Amino acid sequence: MQGCDASVLLDGSATGPGEKEAPPNLTLRPSAFKAVNDIRDRLEKACGPVVSCSDILALAARDSVVVSGGPEYKVPLGRRDSAHFASREDVLSGLPPPSSPVPALLDNLAKINLDAADLVALSGGHTIGLAHCTSFEGRLFPRQDPAMKVSFARHLRRTCPAVGTDRRTVNDIRTPNIFDNMYYVNLVNREGLFVSDQDLFANETTRPLVAKFAADQSAFFDQFAVSMLKMGQISVLTGSQGQIRQNCSARNSGTVAGHLPWSVLEAADRFVPY
Ligand code: HEM
């Protein structure tokens with residue numbers, strides 16, 4: 001929320017629960033927050049307090065994609081970190097639930113200048129990772145979503161036999177740990193996990209892109225890189241805005257911008273308009 005400013009990493013404070021404590025973010029993994037803080041500590045030791053948590057997040061996302069087999073792309077740097085997290089209301093209105101059909105997703109993304117190609121390519125992030133039963137059980141109970149292949153529903157019920165089961169399954173049934181285009185092959189075969197996934201193949205605006213990415217992995221990789229760059233530049237803080245957090249989970253003590261030892265102003269012109 002609020003742009004690419006690492007606000008999701010902040011713990012709650014006296015003013016209320018943090019962005020990470022808002023319902024849609026409760027499934028974010030504690031181990032991921034720890035990994036970002038560990039990277040921040042190492043950078044502090046090696047370089048001093050000069051690398052922001054938001055730049056770390058953008059680079060870590062890119063590197064996770066690369067080590068899983070996906071495309072490599074250059075990340076513009078020079079973001080600074082927000083000193084404020086988004087409210088629960090902002091998170092709830094800004095993050096579409098996985099039960100959203102495509103028109104709702106497109107409306108939502110249009111507010112941040114992302115289009116149908118961005119939606120289809122970025123949803124391809126679901127080629128890796130895990131999801132809790134509660135994120136898709138509405139497609140299994142009380143009755144099975146007819147858009148879902150029967151054998152896939154049967155498979156999912158083995159992990160999620162009843163409403164409220166606290167277990168996880170893979171996002172991509174074909175190649176769960178590889179960043180490839182099998183996510184789109186799943187959609188063509190009606191084996192997408194969320195409504196927000198499967199509807200990309202049902203909707204006539206997004207269906208041709210799904211078909212294209214299912215047939216052509218390079219086309220997916222190219223668009224994914226473009227869309228990640230676009231998303232990673234939404235409402236970034238640069239120059240003297242925000243701060244470079246010393247601990248990614250808490251804003252720096254003292255005033256917000258204040259006496260920072262170093263500014264990344266010179267890197268700001270590396271942000272390219274789109
Ligand atoms: C279209 C809007 C999106 C919706 C509705 C959505 C929804 C979800 C949901 C519900 C989960 C499972 C959470 C859980 O139950 O643990 C999930 C996981 C995941 N999503 Fe998305 N997502 C969206 C966009 C994205 C984008 C843009 C990316 C990255 C480019 C992405 C990457 C992932 C990854 C990697 C996981 C696995 C996380 C893990 O293993 O813990 N998603 N998403």
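Predicted model: local features only at pLDDT ≥ 70, side-chain atom pairs only at ≥ 80, totals over all residues.

A: Happy to. Residues are numbered from 1 along each chain as its sequence is written, and side-chain values use heavy atoms, with hydrogens and water left out.

Q: Good. Let's start with the ligand: which protein atom is the donor to its iron atom?

A: The single protein donor is NE2 of His126, 2.0 Å from the iron atom. Donors here are N, O and S atoms within 2.8 Å of the metal (3.2 Å for Na, K and Ca), and water is not among the atoms, so sites may look incomplete.

Q: Where does histidine 126 lie?

A: Histidine 126 is in the loop between helix H5 (116-123) and strand E1 (130-132). Helices (H or I, at least four residues) and strands (E, at least two) are DSSP runs, numbered from the N terminus.

Q: And which residues come nearest to the ligand?

A: Of the 21 residues around the ligand, the nearest are Arg29, His126, Leu130, His132 and Ser135. A residue is near a molecule or strand if one of its heavy atoms lies within 4 Å of it.

Q: What are the distances from the ligand's oxygen atoms to arginine 29, histidine 132 and serine 135?

A: For arginine 29, a side-chain N or O atom is 2.6 Å from an oxygen atom of the ligand. Histidine 132 also has a side-chain N or O atom 2.6 Å from a ligand oxygen. In serine 135, a polar side-chain atom is 2.5 Å from an oxygen atom of the ligand.

Q: What's the shell made of, by class?

A: Eleven nonpolar, nine polar and one charged residues. H5, E1 and helix H10 (217-231) each supply at least two residues of the shell.

Q: Switching topic: which residues does UniProt list for "binding site" around threonine 127?

A: The unreviewed UniProt entry lists Thr127, Asp172, Thr175 and Asp180. They span 54 residues in sequence, yet no two of their C-alpha atoms are more than 9.9 Å apart, so they gather at one spot. UniProt positions are given in the numbering used here, feature names are shortened, and annotations may be inferred rather than shown by experiment.

Q: Is threonine 127 buried or exposed?

A: Threonine 127 is buried, because its relative accessibility is 0%. Buried means under 20% relative accessible area, exposed over 50%, and partly exposed in between (1.4 Å probe, protein chains only). The threonine 127 side chain makes a polar contact with the side chain of aspartate 172 at 3.4 Å.

Q: What about aspartate 180, where is that?

A: Aspartate 180 sits in the loop between strand E2 (168-170) and helix H7 (182-188), and counts as buried at 9% relative accessibility. Beyond four places in sequence, aspartate 180 is in contact (heavy atoms within 4.5 Å) with Thr127, Asp172, Thr175, Gln217, Phe220 and Phe221.

Q: Which other residues does UniProt give for "binding site"?

A: The unreviewed entry also has Gly3, Asp5, Ser7 and Glu19. Although spread over 17 residues of sequence, they cluster in space, with a largest C-alpha distance of 12.8 Å.

Q: What do the side chains of aspartate 5 and serine 7 reach?

A: The aspartate 5 side chain makes a polar contact with the serine 7 side chain at 3.0 Å. Serine 7's side chain also reaches the backbone oxygen of methionine 1 at 3.2 Å. Aspartate 5 is buried at 3% relative accessibility, and serine 7 is buried at 2%.

Note on methods:
Polar contact = N/O pair within 3.5 Å; in protein donor to acceptor, adjacent residues only side chain to side chain. Nonpolar A, V, L, I, M, F, W, Y, C, P; charged D, E, K, R; others polar.
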